[in-house]
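User: Hi! I have a protein open on my screen and would like to talk it through. Could you help me out?

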Amino acid sequence: MDMHLGSVQISPHPLNIWKAQEQYFLRMQRNKEKKSMEKMGESNQCKRKLRVCVATCNRADYSKLAPIMSGIKSHPEDFELEVVVLGSHLIDDYGNTFRMIEQDDFDIGSKLHTIVRGEDEAAMVESVGLALVKLPDVIQRLKPDILVVHGDRFDALALATAAALMNIRILHLEGGEVSGTIDDSIRHAISKLAHYHACCTRMAEQHLIAMCEDHSRILLAGCPSYDKLLLSHHREDYMDIIKSWLDDKVQEGDYIVALQHPVTTNIQHSIKIYGLMLDALISFNKKTLILFPNIDAGSKEMVRVMRRKGIEQHPNFRAVKHIPFEQFIQLVSHAGCMIGNSSCGVREAGAFGTPVINLGTRQTGRETGENVLHVRDADTHNKIYHALELQFGKRYPCSKIYGDGNAVPRILKFLRSIDLDEPLQKTFCFPPVKDPISQDIDHILETQSALAVDLGGTNLRVAIVCMRGTIVKKYSQPNPKTFEARMELILKMCNDAMRDAVGLNCRILGVGVSTGGRVNPQDGVVLHSTKLIQEWSSVDLRTPISDALHLPVWVDNDGNCAALAERKFGHGKGVENFVTVITGTGIGGGIIHHNELVHGSTFCAAELGHIMVSLEGPECMCGSRGCIEAYASGMALQREAKKLHDEDLLKVEGMDMKLSEPITAAHLISAAKMGNSKADAVLTKAATALGVGIINILHIVNPSQVILSGVLASYYQAPVQHVISQRALFSVQNIKVVTSDLEEPALLGAASMVLDYATRRIY
């Protein structure tokens, strides 16, 4: 019988069903295990160490790269460090400086001889070509995740070109800066090849953004060399270092450091300037430590000039090829002057306030501190000699334009944030340019801030104040009675605030100090203080604070600071002419005229409390009679309150006065409000005196607004406005008297000096 199986349904055997199910579950389990292993692999890949290759070409870039290399090496759980050495590091004439890298305990993975000797334009081009021939093998062998390259040297251009063509991510240090030579073109070319940027200044950051670099890949870090030099500045053995490089008789601040490099876009002119500088130094007759120029085109001719003038045999000169960075910064920081065109003069030297003479055009466009005197057209020996006379032996406020000592932690954080799974293809952000102030919070978001110091008669206060006028953190201690204890406490509180600022994400730009008495703000000196602050006359506040904190420092009278606070944060914002009057323990204030603070020829233009309103009035603390302060200050009201109290004329029915509490101006005001005619008469007289004094101010400087500040401001506002309307000239009767809304005018004013004024000057 034929069987048509296609038409007959045959039931599967139970054993076959069980086997099929078993195979299905085994396949599912294997797939699950495979996916789990893939996830674990992905997780391990995410956590793998970042392989960082740092390439250094010469002694100058190593000083910037060494702190980063140390930071990477100290975090072996996150990074693998590979070091490549090339360029002038390996040339005997330039000191074989690769040895200092070995002495710093870094393992050099590769040494590449890439310099073609000749020290001319053709040799520079050939050196770039030789480096491009040799680098691919090294990069192929090391296979770094990221290459760190510094600055603007022709060697660095070869490094960046090779890495970019071999699909290696590049972190470029110190991009966006401007210096006026071929270095600019090289630096900007490297920036266009680089995927990430760690720049030193806000202006450099803005330049990179204007060059269409992605703002999320730009880190405003500061200069890494500042991390080391700020820590190493106060070495106890600095005199030993000075004597070892000069001689045993040389004194601190009585020698010159000279370092001049060729300008490759105008070699002959730079050689001429070099000769004029040497002539000026010979005539100036001071001990001079002179370093040989770098390997750029023209350096050989400059060395010939040095030898023709007998510099190496001259008793006043010590010519050297290389000095270790830690010793070099000691020599620069304690020098009487630095001269030449090295970037060290416009960058690192500013951190110490060392006077610098910058010759020629090599650093044109760089941001500089006020310690730098530019001699752009250094065309005569006499001009350079005169610059030496102006600068030698001066000291300037410390400047942190290029860094605050925290660059390396920021760069390491930046490196950790790099996502290797992101596309390698570089993208550009074409206009409109994003606001550079709003940085990527995953990298570093720091608030520009100031340290504000208020020296009161009772308390010493320090605050961290941000750009918006917010007091981020405040510190207060009783003000010591002696000068030494007071200075010690100021520095301690400022150091505490500096440490806290890092954790609070605040970048401290400088220190502003508000103090009572007469102040010379140009020199940062308290000339005469109030009686409340003892031992505080002819005191230089700027220098010790600046030296200790490596920050620029501004100092002014507390009344002037109150006016500055109103100008930036209060009722005076946008007002061209106004007067602030402080009504507190004493009477003070400040005058803003055409948006500028008025100091006067002897710095007492705003001693508003000592405007005389009576020839025979009560005695004032200044020694005169009839001053506003003798009538309307808190101390004057307290004196009158005590008189009434002693005569049993102060207390009225319903007024709560404890026998043990001291009599103050508040009791007088309270008694007046409750109908005490004697107290009311005292306050009316005080308000009238204050009003008459303010009328005098209106008639002299004619402000458009009067701002009353201090604890008595709210009480005096209406009576003073009434006195003005009754007694002032018709043209000023309608000028408004307002009360300040600021809780801490002295601190905010001290901060505004830092936040509003730059430390740069150009000649």
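User: Let's start with Arg518: is it buried, partly exposed or exposed?
Analyst: Arg518 counts as partly exposed, because its relative accessibility is 21%. Buried means under 20% relative accessible area, exposed over 50%, and partly exposed in between, with a 1.4 Å probe and protein chains only.

User: Before I go on, what should I know about the model and the numbering?
Analyst: This is a predicted model, where local features need pLDDT of at least 70 and side-chain atom pairs count only at pLDDT 80 or more, while totals for chains, interfaces and linings use all residues. Residues are numbered from 1 along each chain as its sequence is written, and side-chain values use heavy atoms, with hydrogens and water left out.

User: Thanks! Which residues does the "binding site" annotation cover?
Analyst: According to the unreviewed UniProt entry, the annotation covers Arg518, Thr530, Asp558, Glu607, His610 and Glu629. UniProt positions are given in the numbering used here, feature names are shortened, and annotations may be inferred rather than shown by experiment.

User: Where does Arg518 lie, and what does it touch?
Analyst: Arg518 is in strand S18, residues 518–520. Helices (H or I, at least four residues) and strands (E, at least two) are DSSP runs, numbered from the N terminus. Not counting residues up to four places away in sequence, Arg518 touches Val525, Val526, Leu527, His528, Thr602, Phe603 and Cys604. Contact here means heavy atoms within 4.5 Å.

User: And where is Thr530?
Analyst: Thr530 sits in the loop between strand S19 (525–528) and strand S20 (539–540). Thr530 is partly exposed at 33% relative accessibility. Leaving aside neighbours within four places in sequence, Thr530 is in contact with Gly516 and Gly517.

User: What about Ser537, where is that?
Analyst: Ser537 is also placed in the loop between S19 and S20, and at 40% relative accessibility Ser537 counts as partly exposed. Apart from neighbours within four places in sequence, Ser537 contacts Val526, Leu527, His528 and Ser529.

User: Switching topic: which residues of helix H11 are buried?
Analyst: In H11 (residues 299–308), the buried ones are Ser299, Met302, Val303, Val305 and Met306. Seen down the axis of H11, these buried residues fall within an arc of 155°, so they line one face of the helix. That arc is taken over the directions from the helix axis to the C-beta atoms.

User: Why would residues three or four places apart point the same way?
Analyst: An α-helix has 3.6 residues a turn, so residues three or four places apart point the same way.

User: What does that side of H11 pack against?
Analyst: The buried residues of H11 pack against helix H10 (267–284), strand S9 (287–291) and strand S10 (317–320). Just after H11, Gly310 has a positive phi of about 70°.

User: Now salt bridges. How many are there?
Analyst: The count comes to 35 salt bridges, where a salt bridge is a side-chain nitrogen of Lys or Arg within 4 Å of a carboxyl oxygen of Asp or Glu.

User: Where do the partners Lys474 and Glu744 lie?
Analyst: Their side chains meet in a salt bridge at 2.8 Å, N to O. This pair links distant parts of the chain, 270 residues apart: Lys474 is in strand S16 (residues 471–478), and Glu744 is in the loop between strand S26 (736–739) and helix H24 (745–756). Lys474 is partly exposed at 43% relative accessibility, whereas Glu744 is buried at 14%.

User: And what does Asp756 pair with?
Analyst: Asp756 forms a salt bridge with Lys568, the closest N and O atoms being 2.9 Å apart. Asp756 lies in helix H24 and Lys568 in helix H18 (residues 558–569), so the pair ties together parts 188 residues apart in sequence. Asp756 is partly exposed, at 34% relative accessible area, and Lys568 is buried at 18%. Elsewhere, salt bridges with shared partners join Lys64, Glu174, Glu177, Arg347 and Glu348 into one network.

User: Last one: how many disulfides does the structure hold?
Analyst: The structure holds 0 disulfides, a disulfide being a pair of cysteine sulfur atoms within 2.5 Å. Cys337 is buried at 0% relative accessible area, and Cys494 is buried at 0% as well.
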